[in-house]
Amino acid sequence: MSERSDDASAAPRAEGVRYDQARYVENGQYEPLLSEKDLTRVEIGAEGDETDDGDGGDGSDSPLPDHLTRDSLELPELSEPELARHYTRLSQMIYGIDSGPYPLGSCTMKYNPKFTEDVAALPKAAVHPDRSERSLQGTLELLYRLQDYLGRIGGMDAVTLQPPAGAAGEFVGIRVAAAYHEHNGEDHRDEVIVPESAHGTNFATAALGGYDVVSLPSDDEGRVDLEALEAALSEQTAALMLTNPNTLGLFERDIERIAEMVHDVGGLLYYDGANLNALLGRARPGDMGFDVMHYNVHKTFATPHGGGGPGAGPVGVVDELAPFLPAPRVREGDKTKSGESTYELFDPEHTIGHVHGYQGNWLVLVKAFAYIARLGDAGLSDASAKAVLNANYLASQLEYDIPYEPFHHEFVASAGDQDAADVAKRMLDYGVHPPTTKWPEIVSEALMTEPTEVESKGTLDRLAAAFNAVAAEDDETLEAAPGRTTARRIDQTSAARNPRLSWHAIGNTDDE
Amino acid sequence: MHGSHATGSPYAPHTDAERSRMLEAVGVETEADLFDIPTAVQFDGKFGIDARSERETRRLVRSILGRNSDLTELLGRGHYGYYVPSLVDHLADRSEFLTSYTQYQPEVSQGFLQALFEYQSLLVELTGLEIANCSMYDAATALGEAATLAERVRDTSGHRVLVPDLLREGRRSTLENYVAGTDLEIEEYPTDDGNVDLAALEEQVNEKSVMVYAENPTVRGTIEESLTAIGDLAAAHDALFVLGSDPVALSVLQRPADVGADVVVGDASVLGLPTSYGMGLGLFATSEDYLRQVPGRLVGVSEDATDRRAYTLTLQTREQHIRRERATSNICTNQAWVALRTAMHAASLGPNGMVDLAERGVTRASDLAARLDALVGVKAPVHDRHHIREFVAHVDQPAAAIAEDLEKRGFAVHVVGEHLIQVCVAGVTDERIDSFVAAFEEVAR
């Protein structure tokens, strides 16, 4: 995609776009900490509460004996209006998907439909997990229907909704694989193969599961190197973890051959769902030979990232692995006398047990269900079509070199002689969020870019203009960036060298 | 509105004209030309999922969830339904909070980083330990992470992890999965009248023990009375003392640092979330001795180029995206937004409100136990201990039948034995408690 388009429409000039993020400064600092606004110490026990402000009793009588209580608790005591301003100011110092484009590769930062918040906030969604099944038919039905939706979308026979994030889904996959091999008397399998360019969680999850990680290099075209795979596979192989399209956005064309090779040695093929937004309605992991997969509902199904979570990482498997899934799952029970469906929990026959104390991130699952029910077949496949179109269009407008193609929902450009991390900082000044940087390492100074389907052509043009403006700037400008954000370039080294991780650790150093 | 949206994603803004120009710029006829998928694995079927309008979708979800009964939940055992102030919903729902990603670009994420830093500080104050991460998934996974931490930092020759026999199944089972890839082995120690049986634990702890886990309050709502002794016992054998608790209980109960706890885990979403079918927020705090071994994300303080204080994710070399298979955990996406809500709820209560909430948990549980104890066919509490929020009651009738009868009258309680029920007052109004006692009187006799 190195050819520049001769699109007749005038591309926006990046110089015309300037982004100044809100900033509140008091006493030479950004928004003060809550602890700098107030700290009130409440004594507990017989000495009483010296700051009691009359909300009942004199505060002198703890209902517990002294030896079972702490001495005191010191925290900010602020009024609601003060807190409302505090958190509003904090929110203004955050860039979210509603602030502008957020093309983080592999993160699928798509717009989060507002109505999904409303359905998750329904009073009937606020239920305790220990209620009887008969009193939770609504919750169980929604979970059942979501299991069914996800099974169809991924081409999988059985689904668990319990994993609370993608990495937790990977962990279920690895534990299921371990249980399956052990069940078959093959617990000598102690290796999991992971491509060099995979997400860090794949390596960490395999290690958490007790496996030795075998790293797999890519071939010259950026895909799985079949010869290297052949060499890596053995009687020791428990599973191969694969993302498809891979982190370069390339479809693993040899996927059928790969599946055959893995299955031939008795291994399982795991699908990392991080890039599923490329394939909705066009290809399904189950049809490609994958045995187990996770879905990132906070990517593909538009539930909000919330500054780092909560997400949900449901796992789908083929029939043969269904008996090993976490407990409990949901299934249909007998119909009621009036013919209404009922739902019940059950433990799969050889279950690995729990990977979460209860059933995972329920409120996130409600939002994901609503999103899928809203889009339906046509909306889901259109989402992928537009996500792939957007990535390709954006790429066609960039000056940076994009070494690997044909890509799908994301591409990895190279910043060339520039430092990709500096490129990212400078892009902030043009009012856009930068791409994921310096990864995958197969591309030097990588700019891993995933615009998703939610950006219009106009926004993509503005995003391209930001990339191109930065591409033309000198190192000095890049190193000085950002200049228009709340905080200027932050010193990472001193943060790590002298870790101060609570207001207790900075207490007296800053305010004399 | 764009007519072309009728059959596509309502959240893809392309007009037909824009789409055409984009396809032309890329040099293809249609999006399908951009997919490089071998024919053999192409999917040409349908999911069979109908698209719906927003209004229809809301109606669908409302109708499905409408099948959940309206019950007053006197339920706890680790998941609580405290009232969450409106402030939390309205401010946490500001889309900058809700729709941002992990703070990999701290210069445009100061607000969220500061909120997480304040959350960490809240936990540091509550636990007395120097470090708290900015979230695990829930109490069960935090416990699992504590065990793998113990394995990394303890040089003892053995692999025993000691947990109470009353540990909730979900936590126990999650812990088993987390240690499945290690040499660790989970062993139970007995409890006595709800609390740790110290004499029995003393017999079990030895040089092969890497971790001792206890909860305060216990799953049955009793307040532990021998924490210091447990801490000493663990320390004497070089085992990690891991304590399970939550922010409300920690507001008044013994400070973990004062009883020798090395790690505190638990569910912090006791504040911040209503009952959410078990969705939680894993609390994880530990001593600074284990700084380089902590799982999960940490927000630290630094300075920016103008020398102003600024926040950033730090010590990331512990994490999976840098350290890969040598990371301290595989966690990536976590519960950041729930941590924000918890911090907001705690700030809204303030220290007086938090202490008050916890103390009322003690007095209200005790009052309700006394009222139930006065009924025919009920003895409460079963355990001769101090309680917070909840307690176990003995019923002469089969407990399952009692629970079913109560449910018909609009109340949910736990069944924890053939003749044992467990009742929790957290979040239940005084009026509903009065009605509950009246209903109980009818069903218990």
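Biologist: How many residues does each chain put into the contact between A and B?
Modeller: Chain A puts in 178 residues and chain B 156 residues, with two residues in contact if their C-beta atoms, placed from the backbone, lie within 7 Å. This is a predicted model, where local features need pLDDT of at least 70 and side-chain atom pairs count only at pLDDT 80 or more, while totals for chains, interfaces and linings use all residues. Residues are numbered from 1 along each chain as its sequence is written, and chains are lettered from A and ligands numbered from 1 in the order in which they are written.

Biologist: Which helix gives the most on the chain A side?
Modeller: Helix α10 of chain A, residues 362-396, with 22 residues. Helices (H or I, at least four residues) and strands (E, at least two) are DSSP runs, numbered from the N terminus.

Biologist: And how do the residues on that side of chain A divide?
Modeller: Into 86 nonpolar, 55 polar and 37 charged. Ala, Val, Leu, Ile, Met, Phe, Trp, Tyr, Cys and Pro count as nonpolar, Asp, Glu, Lys and Arg as charged, and the others, Gly among them, as polar.

Biologist: Switching to chain B, what domains is it divided into?
Modeller: Domain 1 (3-61), domain 2 (72-83 + 350-444) and domain 3 (86-343); the bounds come from an automatic or database domain assignment.

Biologist: How many residues of domains 2 and 3 of chain B are in contact?
Modeller: 26 residues of domain 2 of chain B meet 21 residues of domain 3 of chain B. On the domain 2 side, α12(B) has the largest share, 7 residues.

Biologist: How far apart are the C-alpha centres of those two domains of chain B?
Modeller: For domains 2 and 3 of chain B, 28 Å.
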